[in-house]
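Hi,

Here is the structure I said I would pass on.

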Amino acid sequence: MNRLITTFITAILVLSTTTTSFAQKKGSKKDYNTYYVTKALDEFNKSNLNNAIELAQLELKTNPDNYRAYLILSLCYINQNDISNAMSSANKGLDYADKKDKRLMCDLYHARGKAYSMMGDTAKALVDIDKSLSFSKQTYVYEERLKIYGAQAKYDLAAADAKMIIDLDPADYNGYHYLGLSYDRMGNHKEAIQQYTYAINLAPDAESNYIERALSYKKTNSYSLAARDYVTAIGAGEALSSYKLNAVTSASLVMMPQLEKELRRVILLATDEQSLVYRLYLAECYRINNMEEKAIPQYDAITKVSTDPNIYSRMALCYSRLCQFDEALEYIDKAVEINAQQNADGYNKDYYDNVKVSILDDAGRSKEALTILNSMIENGVPDAFTYYRRAWIRQYEGDFPGAIEDFSKAISMDPDNQVHSVLTRGNLRRLLGDEDGAREDFEYIINYRNDNDQFSSNSMFAYFYLGDNEKALLCEKALLAKEPESGDFYNAACLESLMGNKEQALAFMDSAFVKGYSEFHHITRDRDLDNIRSTQELQDMITHYKGKLDEKRKNKGLMLVKSSTQGSQEEKTVEIPFTKDGNMCKVKCTINGLPLHFIFDTGASDVSISSVEASFMFKNEYLSRNDIRGSQNYMNANGEISTGTVINLRTVKLNDELELNDIRASVAHNQSAPLLLGQSVLERLGKIEIDNDKKVLRITYNPKK
């Protein structure tokens, strides 16, 4: 059982493996350290909780006053989240305990304090924990108290307890970790980083230390160092976990260039098996940043050696975002096929069916989507989301009563996660003339309060339908301010359209498109946009952004993977010599016929040349005006923004046999900028290995691609 709790707020009560004091007390007239107690303790430490409970109960049948057995029971029940029995056992243990046995008294009060904490009574929990410490000062008791202080935002008190842990056991990395958390929450990020570093030195395999230090680095805008920690965390502990994946992908929204560079670096250096994990993290970062054309090759590389249906479903979602629906359906069908082969019991089938429904709906094939949903509901045990999806399509097909029925089922099955269903049901009731039912739903939204929904789009629309435009706009402002870079501009456009503010609605729609919104079919049927749908401005926007999406699909600089399910073609391996210049690898490369030396840089997104080389190439006709494609802003590893000229390289040749055409490149407006061979070439090469002994880049590629 791992004692490390990653955050105060989401702390899970985990029992310390530190063995409590079960040694017989000198001079005791009765031996409470019996056979059953010893065996129960052994089973508890092996996490065999039911066995431990059974043995402790057998002991109590013979010796009903054995407080050691009650302690074991209390600890077992705590680990099973059985608060009532945990509390009862601790109370009985305290009734029978020898008050002179300080360690046992410490552990019994600690156990009861845990139970109080689990039931949310922190006041009583703190009283018991204080009593526990009055009998014996143990690190795990201080740990329990500091978690409560952290949840109460009393970070100074939490820090004091963390220091007590360090004083008691300087080799316990948890103390430094918790001290780092406390300093970070108090805004002292520099000191937090130092404490996390101590913890990492003591426990280099504890992933949460790296992630917490990365968060502190990020708060000081040290993005490169933060990226290094996030990627190091991936290799520490369990490689794949929702905790790490959420941490890394969330960070990518702020520091994608640095994470991309670091992940690509480790992909090149990792073994084939390890590289799959890093590729998955990189692909997920691309996907969450609406960079589907970069995510797809990473997913495809994984499918070459893994038959995980989740990877195929992710590829399907990426192709759907690019409006390549045929490819999307091909990949989700492959995911369904693999899942059926791997799970005879049909596990996860509903998930993949729902993905297919989403793709069909986005493609404007709602009747096909509805057929699948009807089959899922008739032949299975549908969850709330399945009813929600069918309700969503039914309303757009004009079946308002059927949609209301399905929304109601979804709400009854999962009320906390179906708040949007309440809003949409209210709107449909309004359209059908059920004003009382509609008002009831809208008022429910207003009264529904949690961290996610207080200023959500649900509240925004509910206020509007209740006639309170002022509060609706207040919600809109708060919602956009919460995520200024990736805000919910589409829903803001819908609200402004409903209010008749066409100019503002169109401005928000443009922002939504810029941020990657591409559900063009949904725009044609969303009733909220009725006031702007037929305007020439919106039609021009749709044409423009569809055109930009077409540019992605044409694969300028990045090769979109066509179905690997159709069979692989013969691969070929070549070796490209390189020379070392410090830590940099330099390779010979011919650009439009001009021989040059480039630095092999996995972190650079494009091929990059300096203004000196660009000028030379123009003067000597290696580049023409037709090769100039415009300008673009770039962010370097330090987070600084610079502008570069974007050009097209007609041919890039490595060795005589490896040639690529139409490569995107940038001209840095800096005469001393190095020549970088970046991802716009590397993505199209296939598998790359660095052989430092032979000083060659070994590239495995498909010559027919």
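A quick definition before anything else: helices here are DSSP runs of H or I with at least four residues, numbered from the N terminus. On that count, alanine 472 sits in helix 25, which covers residues 469-482. Please keep in mind that this is a predicted model.

First, the overall picture. The chain has 705 residues, and 51% of them are buried. It contains 31 helices and 10 strands. If you take the contacts between residues at least 6 apart in sequence, 58% of them join residues at least 24 apart.

Back to alanine 472. Is this residue buried or exposed? Its relative accessibility is 0%, so alanine 472 counts as buried. Leaving aside neighbours within four places in sequence, alanine 472 is in contact with Met460, Tyr463, Phe464, Leu495 and Met499.

Helix 3 (residues 67-79) and helix 4 (residues 83-96) have axes that come within 8 Å and cross at roughly 160 degrees. That angle is over 145 degrees, the cut-off for roughly antiparallel, so helix 3 is roughly antiparallel to helix 4. The crossing of these two helices is left-handed. On the helix 3 side, the residues that meet helix 4 are Tyr67, Tyr70, Leu73, Ser74, Tyr77 and Ile78. Helix 4 answers with Asn85, Ala86, Ser89, Ala90, Lys92, Gly93 and Tyr96. Sorted by class, this contact has 8 nonpolar, 4 polar and 1 charged residues.

What about helix 4 and helix 5: at what angle do their axes cross? The value is roughly 155 degrees, and the axes come within 9 Å. That makes helix 4 roughly antiparallel to helix 5, and the crossing of helix 4 and helix 5 is left-handed. Helix 4 brings Ile83, Ala86, Met87, Ala90, Asn91, Gly93 and Leu94 to the contact, while helix 5 brings Met105, Leu108, Tyr109, Arg112, Ala115, Tyr116 and Met118. By class, the contact of helix 4 with helix 5 has 11 nonpolar, 2 polar and 1 charged residues.

Tyrosine 116 lies in helix 5 (residues 102-118). Its relative accessible area is 15%, so tyrosine 116 is buried. Beyond its neighbours within four places in sequence, tyrosine 116 is in contact with Met87, Asp121, Lys124, Ala125 and Asp128. For aspartate 128, which is 12 residues from tyrosine 116 along the chain, the C-alpha separation is 8.7 Å.

Now for the rings. How many aromatic pairs does a search of the whole structure find? The search gives 19. Take tryptophan 392 and tyrosine 396: their ring centres are 5.6 Å apart and their planes are at 85 degrees, so this pair is edge-to-face. Both residues belong to helix 20 (residues 384-396), and because they are 4 residues apart there, about one helical turn separates them. Tryptophan 392 is buried at 17% relative accessible area, and tyrosine 396 is buried too at 19%. The two are also part of a cluster: ring pairs link Phe385, Tyr388, Trp392, Tyr396 and Phe407.

Last, a couple of backbone angles to look at:

- Asparagine 221 has a phi near 65 degrees, a positive value in a residue other than glycine. Asparagine 221 is in the loop between helix 11 (207-219) and helix 12 (223-235), and it is exposed, with a relative accessible area of 52%.
- Asparagine 290 has a positive phi of about 60 degrees, and it is not a glycine either. Asparagine 290 is in the loop between helix 14 (272-288) and helix 15 (292-303), and it is partly exposed, with a relative accessible area of 23%.

That's everything from my side.

Cheers

How values were computed
Residues numbered from 1 in each chain as written. Predicted model: local features only at pLDDT ≥ 70, side-chain atom pairs only at ≥ 80, totals over all residues. Heavy atoms only, no water. Phe/Tyr/Trp six-rings, centres within 6.5 Å; stacked < 30°, edge-to-face > 60°. Buried < 20%, exposed > 50% of the residue type's maximum accessible area, 1.4 Å probe, protein only. Axes fitted to C-alpha atoms, helices over the stretch in contact; angles between N-to-C directions. Parallel < 35°, antiparallel > 145°, perpendicular 65-115°, else oblique. Left-handed = near helix turned anticlockwise from the far one by under 90°. Contact = heavy atoms within 4.5 Å. Nonpolar A, V, L, I, M, F, W, Y, C, P; charged D, E, K, R; others polar.
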